[in-house]
Amino acid sequence: MHALASRTMQSPVQAALLAALFALLSLLLPPASLLSSAVVGLRTLRNGLQDGALVMGMAGLTCLLVGLFALGGGWAFGALVIGLWLPLWLLGGVLRHSRSLALTLMAGLLLGGMLIAGYQLSGNDQASEWRKLLTPVAESLDQAQVLAPGGKERLLEVLSRWMTGILVTGFFLQAVASLLLARWWQAMLYNPGGFRQEFHQLRLPTGLGVATLALLLANAWLGQGEGTTLEFIALLLLAAFLLQGLALVHGLLGLWEAKPGWLIAFYLLWLLALPQMVTALATAGLVDAWFDFRARVRGRKGAGGTN
């Protein structure tokens with residue numbers, strides 16, 4: 001990773017080629033898109049919005065040309081990768097100037113909220129459109145006998161209503177993951193240990209926690225569960241508190257000076273019980289908005305040190 005970050009910072013042309021290369025590779029290996037976006041994010045974090053825009057433009061042109069001459073869909077692919085990099089460019093600019101991960105996450109939530117509003121105001125019957133797109137997938141799962149009898153219709157019914165919220169939330173999480181990777185690269189090159197400290201201290205405002213809880217209670221009271229705008233926004237907010245829950249775990253283990261094995265065990269548990277762990281971490285992050293567990297542990301350690 002150090003070598004990749006170093007090459008990214010050697011020149012805008014080299015960074016653009018790397019961003020384009022990983023974008024093309026993501027057609028075969030989707031996780032490569034995180035590296036592609038992180039390249040744009042690193043250049044923006046270190047050198048500013050103008051440099052990030054230059055890299056993004058050159059990489060976009062490269063992808064456009066490759067798409068036109070090799071893939072037969074240049075314009076679509078070019079637009080896709082610009083859509084992949086643009087959030088990193090914007091969020092990288094916010095983080096560069098604010099030096100606040102919490103504020104940057106809130107900017108990402110704002111972008112996600114704008115996407116949800118754009119979908120909802122488009123005037124199209126989104127559930128029907130998603131159903132058409134998802135029907136071949138559901139049919140293939142049904143033919144492979146992955147679904148229980150009658151499960152295909154139930155799957156289509158649920159996903160077609162919730163797909164907009166799931167897509168925007170996934171878009172938000174991918175953008176933040178790439179941004180955190182870029183920030184780690186930046187710290188690795190110019191401020192060793194800085195990212196660890198910054199991530200361990202990540203904590204969203206209490207007011208956002210209050211708004212999230214109020215929205216969850218409102219959705220529970222309305223009892224719809226049909227993929228409404230309020231439910232999409234609640235899902236997006238919970239994704240942000242999931243990230244705070246991750247920062248909470250890392251921060252507490254750091255304060256307790258726990259051995260690396262505890263962190264490895266935590267991620268192994270995540271893999272074994274993914275849905276439960278996601279719920280638990282989002283809940284922990286939301287509760288931490290009020291109680292600030294890391295500050296309490298620091299206070300006790302400080303009090304213990306003065307006795």
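# A guided tour of the aromatic and nonpolar spots

Helices here are DSSP runs of H or I with at least four residues, numbered from the N terminus. Before going on, note that this is a predicted model, in which local features need pLDDT of at least 70, side-chain atom pairs count only at pLDDT 80 or more, and totals for chains, interfaces and linings use all residues. Residues are numbered from 1 along each chain as its sequence is written, and side-chain values use heavy atoms, with hydrogens and water left out.

**Stop 1: the patch.** Now select Val210, Leu213, Leu217, Val287, Trp290, Phe291 and Phe293; together they form the nonpolar surface patch, with about 590 Å² of accessible area. (Patch residues have over 30% relative accessible area and no salt bridge, and nonpolar side chains are joined within 5 Å; a salt bridge is a side-chain nitrogen of Lys or Arg within 4 Å of a carboxyl oxygen of Asp or Glu; areas come from the Shrake-Rupley method with a 1.4 Å probe.) Zoom in on Phe291, which belongs to helix α13. Phe291 is partly exposed, at 42% relative accessible area; buried means under 20%, exposed over 50%, and partly exposed in between.

**Stop 2: aromatic pairs.** How many aromatic pairs are there? The count comes to 6, where rings of Phe, Tyr and Trp (its six-membered ring) pair if their centres lie within 6.5 Å, and planes under 30 degrees apart count as stacked, over 60 as edge-to-face and the rest as tilted. Select Trp162 and Phe232: their ring centres are 5.9 Å apart and their planes stand at 70 degrees, so this pair is edge-to-face. Trp162 sits in helix α8 (residues 151–190) and Phe232 in helix α11 (residues 229–255), so the pair ties together parts that are 70 residues apart in sequence. Phe232 is buried, at 1% relative accessibility.

Next, pick Phe195 and Phe199, a stacked pair with 5.9 Å from centre to centre and 10 degrees between the planes. The two are 4 residues apart in helix α9 (residues 194–200), or about one helical turn, and both are buried. Then show Phe266, Tyr267 and Trp270, which ring pairs link into a cluster.

**Stop 3: a charge over a ring.** Select Arg46 and Tyr190: the charged end of Arg46 sits over the Tyr190 ring, 3.6 Å from its centre. This label requires NZ of Lys or CZ of Arg within 6 Å of the ring centre and within 35 degrees of the ring normal.

**Last stop: Gly113.** Find Gly113 in helix α6 (residues 101–121). Gly113 is partly exposed, with a relative accessible area of 27%.

Definitions and conventions: Buried means under 20% relative accessible area, exposed over 50%, partly exposed in between (1.4 Å probe, protein chains only). Patches are made of residues with over 30% relative accessible area and no salt bridge: like charges are joined within 9 Å, nonpolar side chains (Val, Leu, Ile, Met, Phe, Trp, Tyr) within 5 Å.
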